[in-house]
Amino acid sequence: MSGFFDIPSDLQHSWLGLIGLHLREALLPVLAGLLIALPLSQLCVRFRWLYPPVLWVTTVLYAIPSLAFFVVLIDYTGQTELTVMIPLTVYTLVILVPAIVDGVRSVPQETLAAATAMGFGPVRRYVQVQLPIAVPAIIAGLRVATVSSISLVSVGALIGNQGALGNLINDANIYNRPELAVNAVLTMAVLAILADGLLVGVRLLMTPWMPSGARARRAQRPEPEVAAR
Amino acid sequence: MNILNFINAFFSDSAHWQGYDGIPTRLGEHVQYTLEALAIAAAIGLPVGLVTGHYGRGGNALAFIAVAGRAVPTFGLLVLMTLSLGFGLINVMIPLVVLAVPPILVTSYEAMRSVDPAPVDAARGMGMHEVEVLFRVELPVALPLILGGLRSAAIQIVSTATIAAYVSLGGLGRYIVDGLYQRNYEKVVGGAALVALMALATLAVFWGITRLTVSRGVLRSN
């Protein structure tokens, strides 16, 4: 497989440069999605009637195919990174909002009562009690969002030059060099699995109170596709 | 407003309504790809998910398959298949099925696991054998979640079959990919609108299926 790392010059990036670009385009939307989902979920927990409509809106937005979303945005944001990142941000919400809402709701009533009895105000109770207990659920959502975001960035190649490693796939097609597509697919898969593993590590660090091993696995959140119902 | 003008121009052009590149043909192709891929994926994912969920084994293996399935970029796999195997419907079906199996598999497993064990025990106590327990007790209760998994798989197929136009497949993605190359923005936006409509129609179809097939008692308890 000659020229596995010979990146065509039209991409104007080295292999590592493409990886950096790809991670930025994939991870910034997840971060933005988390920043939107946290307050939105808190509203849904506070006002129960808000949750079903929010779920519906996020589900409908998630149903809009990425390519359709990209091309409609071109009119407003041009062929830029932003055009790729906005839909990815929107897609993360359908995963993150139910994950956070279910996580925060799963905090037992006694725990909340104990916190209140200790003199915690609502804000401090949220930050110091509810959020930490919801961490496993939030991380489970973040894992799915991150992995699918890394894979979706490559579709950006279709609207011009915004796919990072996806552009490598495009070049593989144009120049008939399948090894470039192999490179891109493998790199993206490895990036996704590394990011997934990293998030598992973060969860282990942030939840030293969780039982490890088989019991932890049973306590894990179900597949967010379930939660997104 | 701009977008609406484009959409209006696209749909009012009679040339877009006939011939091999007409909307009916492309829509039919898109529906065909979606149904075929969904049927194959369901034929693989549902039995495995139901049986493993019933016996409660293999959850870790399924979780691994789910992560691996999501980690593989479908667009990349699509191009890779075409580059190495040549053009053809089967080469496009493989990535679509790879995409759709993990959600179906994992959701049906989780759905079966989340069934309340008390009625399952009661069913066994009444003398039902395993097959009866699976189909007459667990499946009806787990059905809403299982349909949710199928819905999410279907939507991902609709969305990815659009991308398949890039490797010279038909379907609604043709308008977007061709339009981008021809700098015909009206065609691009028209195609995007059609794809989005089809995805929403998929949501509606699954909503209808859920209404029709899920027992009323289960719907109420949710």
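The model is predicted. B:I157 and B:A100 are also among the residues with the most contacts inside the largest nonpolar core. A:V71, A:I100 and B:A192 belong to that group too. The core has 130 residues. Its largest share comes from helix α7 of chain B, residues 130–163, with 16 residues.

**The contact between chains A and B**

Chain B puts 47 residues into the contact, and chain A puts in 39. On the chain B side, the elements that give two or more residues are α1, α3, α4, α5, α7, α8 and α9 of chain B. α7(B) gives the most, with 10 residues. By class, the chain B side divides as follows.

| Class on the chain B side | Count |
|---|---|
| Nonpolar | 31 residues |
| Polar | 14 residues |
| Charged | two residues |

**B:T202**

B:T202 lies in helix α9 of chain B, which spans residues 185–213. Is B:T202 buried or exposed? B:T202 is buried, because 20 other C-beta atoms lie within 10 Å, and the cut-off for buried is 20 or more.

B:T202 touches A:A63 in chain A, along with B:A154, B:I155 and B:V158 in chain B, again leaving out residues up to four places away in sequence. For B:A154, the C-alpha separation from B:T202 is 7.3 Å. The two residues are 48 residues apart along the chain.

How values were computed: Residues numbered from 1 in each chain as written. Chains lettered and ligands numbered in written order. Predicted model: local features only at pLDDT ≥ 70, side-chain atom pairs only at ≥ 80, totals over all residues. Core = buried A, V, L, I, M, F, W, Y, C linked by C-beta atoms within 7 Å. Buried ≥ 20, exposed ≤ 12 C-beta atoms within 10 Å, placed from the backbone. Helix = DSSP H or I, 4+ residues; strand = E, 2+ residues; numbered from the N terminus. Contact = placed C-beta atoms within 7 Å. Nonpolar A, V, L, I, M, F, W, Y, C, P; charged D, E, K, R; others polar.
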